[in-house]
Amino acid sequence: MKIPYGRQEVTSDDVSAVVEVLNSDYLTQGPVIPRFERAVAGHTGAKQGVAANSATSALHIACLALDLGPNDLLWTVPNTFVASANCARYCGADVDFVDIDPLTWNLSTVALERKLEFAAQRGRLPKIVVPVHFSGQPTEQERIWELASRYGFSVIEDASHSIGASRSMEAVGSCRWSDVTIFSFHPVKIVTSAEGGMALTNDDSLAKRMSEFRTHGITRDPSRFTNLPGDGADPEAADIPWYYEQQELGYNYRMSDLHAALGLSQLSRLTAYVERRNRLAARYDERLAGLPVQLPTIGQENVSAFHLYVVRLADDASGALRNRVFRDLRRRGIGVNVHYIPVHLHPYYRTLGFRPGDFPESEAYGRTAITLPLFPALTEEQQDLVIQAVTEAL
Ligand SMILES: *Cc1c(COP(=O)(O)O)cnc(C)c1O
């Protein structure tokens, strides 16, 4: 592929930061992870960050800490990566979906409200709703948060695409309108730790529970011990510093210090990356404006992180047009992609009873969308090649 759809940038500073950890006393469970957690939390304004070895793991520990279990229900959107839904299945909970808005391609709060009214009548409300900031654009969080307090569900923002974005001047990740926000540091995302993710929260007890689920369900906090008499003030507990207890069934979802060092180093370029992505997106907007495609619609209150630049072609009800244009662009060396196949149409989710036709907006989106190359190191010359190829392929 001459021009990929996304690509990380690793600088010599990033390399030095990782090498420094390699030469230090700790490769994992050392001092860089808490530094990375504080830096990300500091950037967003959230009180606490819990780093994990992926966003998928972070979603899982967030669901566990919010007590999601068998017979519970989690709702998310079909237009996302499968991990947003799979986290519920790991907990033995059921998944259902809320259709998307045809303009923003994010969760439709109108559809959410209608589905909640219906679910309340039937007596099966979700325990958790996971809105996804698709392509880097924040969801209508304040509206979702209002519905959360009315209907009593928890909210996990899947912000895997949107570190560096903001809504009404509020940084994504501040958790002003949610219980937990998740970031991904996979190489195609905005900043990378190679593999890695983080859960942000303003709730200390949620943060504590997430960090325990990240490390086997083990606690070293004397006030949480149940096998020893008394609490942290007990001299017996204070005298045996080797002591710990496994309170619940957790996992090894830790991030290593090597990964945290890369993430921390990359974080210093977050603002520059998001600005560059926005400049390139605006340039696409301008130069594709005359073509028969639907361009991204960014809400007035929103600054998108522009993880992805997606355009939609005309809906021919089969996806044949998009597939033809896709193949044509790939033949020309343009690394286009499709984000996303609606989650409910994957074979695994069909075995749970979902069918084509269940979420029409997401399905129409899924057969008309095409992701164009967008990453900070994309040059304007390369972008012009993409624009020319799209123009010819249509
Ligand atoms: C990338 C992504 C994830 C998973 O991230 P990992 O860090 O690879 O586990 C989850 N949700 C969405 C929306 C994503 O794009």
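Helices (H or I, at least four residues) and strands (E, at least two) are DSSP runs, numbered from the N terminus. This is a predicted model, in which local features need pLDDT of at least 70 and side-chain atom pairs count only at pLDDT 80 or more, while totals for chains, interfaces and linings use all residues. Residues are numbered from 1 along each chain as its sequence is written, and side-chain values use heavy atoms, with hydrogens and water left out.

The secondary structure of the protein comprises 14 helices and 14 strands. Its radius of gyration (taken over C-alpha atoms) is 22 Å, close to the 21 Å that the globule rule (2.2 Å times the number of residues to the power 0.38) gives for 394 residues, so the protein is as compact as a globular protein of that length. Along the principal axes, the C-alpha atoms fill a box of roughly 75 × 60 × 35 Å.

Around the ligand there are 15 residues, the closest being Thr56, Asp158, His161, Ser184 and Lys189, where a residue counts as near if one of its heavy atoms lies within 4 Å. Helix H3 (55–65) and helix H4 (83–90) each supply at least two residues of this shell. By class, the shell residues divide into five nonpolar, eight polar and two charged; Ala, Val, Leu, Ile, Met, Phe, Trp, Tyr, Cys and Pro count as nonpolar, Asp, Glu, Lys and Arg as charged, and the others, Gly among them, as polar.

| Residue | Protein atom | Distance to a ligand oxygen atom |
|---|---|---|
| Alanine 55 | backbone N or O | 2.9 Å |
| Threonine 56 | side-chain N or O | 2.5 Å |
| Tyrosine 340 | polar side-chain atom | 3.2 Å |

The protein covers 93% of the 390 Å² of accessible area that the ligand has on its own, with areas computed by the Shrake-Rupley method using a 1.4 Å probe.

A cis peptide bond joins histidine 339 to tyrosine 340, with omega about 5°. Elsewhere in the backbone, glutamine 29 lies in the loop between helix H1 (12–22) and helix H2 (32–44), and its phi is near 55°, a positive value in a residue other than glycine.

Note on methods
Polar contact = N/O pair within 3.5 Å; in protein donor to acceptor, adjacent residues only side chain to side chain.
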